[in-house]
Structure formats: C-alpha cells, structure tokens
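My notes follow in the order I took them.

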Amino acid sequence: MRTSTTTVASPFLAAPRMARTSKGRDTEVRQLLRVHWLEMSRNRSSFIFVLIFPFLMLGMFLGLTHLMSSTTEQAPDFSVVIVPMGLCLAITGTCTTLTAGPIAEYRSKGTLRALSTTPISRSSFLLTHMAVRLILSFLLSGALIVLGMVLGIVGIDSLGRVLIASIPTTILFLGVGYLIGGLMKSGQGATNLATAVQLIALFTSGVAFPFTLLPESALKIVNLLPTAYFGDLLFWTTGSPLQRYSTWLDFLIVTICALVIVPLAIRTFRWDTREK
C-alpha cells in the first residue's frame, strides 16, 4: 500500500496551533477522524475488498447450501457457519489489514515523527486512528447480523450479542494490527503480513472448517489455540449449535489474549524508523 506523505501529513503539519479549548479539541478530533478515514479508504482495492469480502463469502456458502440441498438429502448445512465466518473476516480485516498497513506507512513517510512539531498529541492521533476502525468493525458486524436476520439464519438477540462480543475481539485484533504496523518497515509488508494473520485466524478459529469434523486427537491440539475460542465466541453471537466451549470461557480467553497483545503492541510500537 503506497501512501502520499502530503495527503497524510498536511492536515497536521499545516494546521495552526489551536488553543486547547473544548471547541479546539472537538475540531481537532473531527479533523483527525476525517484524515484517518480518508487514509483508510484511499487504497480502494484493499478497502473495498475488506468491506465486501465477508458478504461475498456469506453469499457463496449460502448458494452452496441451496445448490447441494437440491441435489442430495444429506447435504451439509453451511448456514450455521456463514455469519460467524463473515464476522471473522470483517473483524480481522478491519482491525489488522486496514490498521497495520497505514500505521507502517505513516511511520515510513515520517508522519509520526513530524507529529512532535504540531499541536496534535500522539495519544489523540492513535485514539482517533483506533476509533475509525472500531466504528467500521461494529458497522460491518451489525450489517452481517441484520443480513442474517433477513435470511432467517440468526435471531434478533444476535444484535446485542455481537455488540458485546465485538468489544474484546476487536480490541484483540486491533492490538495485533498495531503490533504488526509498529514493527514492520513498509506499509505493503505490514498489509501482507496482516492478511496472512487474517487467514490463519479464519482457518484456526473453526468458522471456515468446523472443528466438529476433526478427530478427537486433533481436537486436543485445537483446544490449545486462542483463535478457537475467538471462533467459538462468534458462534455464540449467532446462537450456532457449533459452539463447543462455555461462553464465559470464550470471553475469558479472548480478554486475556487482548490484555497480553495490547501492552505488547504499545511496548514495541515505534514512532520513528530510526528507533530500536
């Protein structure tokens, strides 16, 4: 992902120093949110892919279900996995792919270093950067649940559940995104690695390949993977019969992982390419 320095940095570097009044802070936050949104959506191919890929996968597997059910009586029912799969792709895509690349690009172009010469604080910069991703992740998750309700796959209670489950899962994968973006030297390299992490999470969470199909010996290994509890939490949001663990255990494991990853991302984050 290639990012123009002027596109990203100019709203910060050219802005006059504002008085730290309530109105000034509100204006600063609005400007930062707008800049982060423009930067996130500037790479049209990556942005549109993250937006539509969950819905494409949902439609593809739903079509397979109808096609196979019309040809055989023992066809697999993909309806129990398509919404959790879409949620997995939406959360990991927004929080890793659309996070790691722009952050690495900001640093490689010197934008993060240049913040020290502007009235914009580092905390405000990162908090608004995070807020844009949180909002997009919540919107995509909500849209997938609504679509599932329209298709008769999930119930209305899934709306509340997905809001609750999105908090620890989104924070966890945002931590992963900032960890990758904080360490990688280039935006493209960070995006590629984040995409690989997304695919690993997809196939080790059980939402793409249900763990109920695995032998008992393989399940013992699966039970050690934190992503298995992430996927199980997504099954809980949709009321899927594929949920294998207790809900409280899912929340506990995901929260613990977030409490480990986020401080690690903070500790290893580099504002300048020259930092070691």
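Which residues line the second largest cavity? I found Phe49, Val50, Phe53, Pro54, Leu89 and Gln198. I keep in mind that the model is predicted.

**Entry 1: cavities**

I searched the whole structure and got two cavities of 30 Å³ or more. The second largest cavity holds about 30 Å³ of space. Helix H3 (residues 44-69) gives the largest share of its lining, four residues.

I then turned to the largest cavity, which has a volume of about 70 Å³. Its lining consists of Ser205, Gly206, Pro210, Phe211, Thr212, Ala228, Asp232, Phe235, Leu242, Arg244 and Tyr245. I sorted these residues into six nonpolar, three polar and two charged.

**Entry 2: H6 against H7**

Next I looked up how helix H6 (residues 122-150) packs on helix H7 (residues 157-183). Their axes come within 9 Å and cross at roughly 140°. An angle over 145 degrees would count as roughly antiparallel; H6 and H7 are therefore oblique to each other. The crossing of H6 past H7 is right-handed. On the H6 side I listed the contact residues Leu126, His129, Met130, Arg133, Leu134, Ser137, Phe138, Ser141, Gly142, Ile145, Val146 and Met149. On the H7 side I listed Ser158, Leu159, Val162, Ser166, Ile167, Thr170, Leu174 and Tyr178. The class count for this contact is 12 nonpolar, seven polar and one charged.

**Entry 3: the largest pocket**

I checked where the open space lies. The largest pocket has a volume of about 290 Å³ and a lining of 13 residues. Nearest its centre I found Leu126, Met130, Tyr178, Val262 and Ile266. Leu126, Met130 and Tyr178 had already turned up in the H6 and H7 contact. H6, H7 and helix H11 (247-268) each supply at least two lining residues.

**Entry 4: H7 against H8**

Last I took H7 with helix H8 (residues 187-204). I read an angle of about 150° and axes 10 Å apart. H7 also passes H8 in a right-handed crossing. Phe173, Val176 and Ile180 of H7 touch Ala190, Leu193, Ala194, Val197 and Ala201 of H8. I put the contact down as eight nonpolar residues, with no polar and no charged ones.

Definitions and conventions. Residues are numbered from 1 along each chain as its sequence is written. This is a predicted model: local features need pLDDT of at least 70, side-chain atom pairs count only at pLDDT 80 or more; totals for chains, interfaces and linings use all residues. Side-chain values use heavy atoms; hydrogens and water are left out. Axes are lines fitted to C-alpha atoms, for helices over the stretch in contact, and angles run from 0 to 180 degrees between N-to-C directions. Angles under 35 degrees count as roughly parallel, over 145 as roughly antiparallel, 65 to 115 as roughly perpendicular and the rest as oblique. A crossing is left-handed if the near helix is turned anticlockwise from the far one by less than a right angle, and right-handed if clockwise. Contact means heavy atoms within 4.5 Å. Ala, Val, Leu, Ile, Met, Phe, Trp, Tyr, Cys and Pro count as nonpolar, Asp, Glu, Lys and Arg as charged, and the others, Gly among them, as polar. On a 1 Å grid over the protein atoms alone, a cavity is a set of points where a 1.4 Å probe fits but cannot get out, and a pocket is an open set with protein on both sides within 12 Å along at least five of seven lines; lining residues have an atom within 4 Å of a point. Grid points are joined across faces, edges and corners, and a volume is the space filled by probe spheres set on the points.
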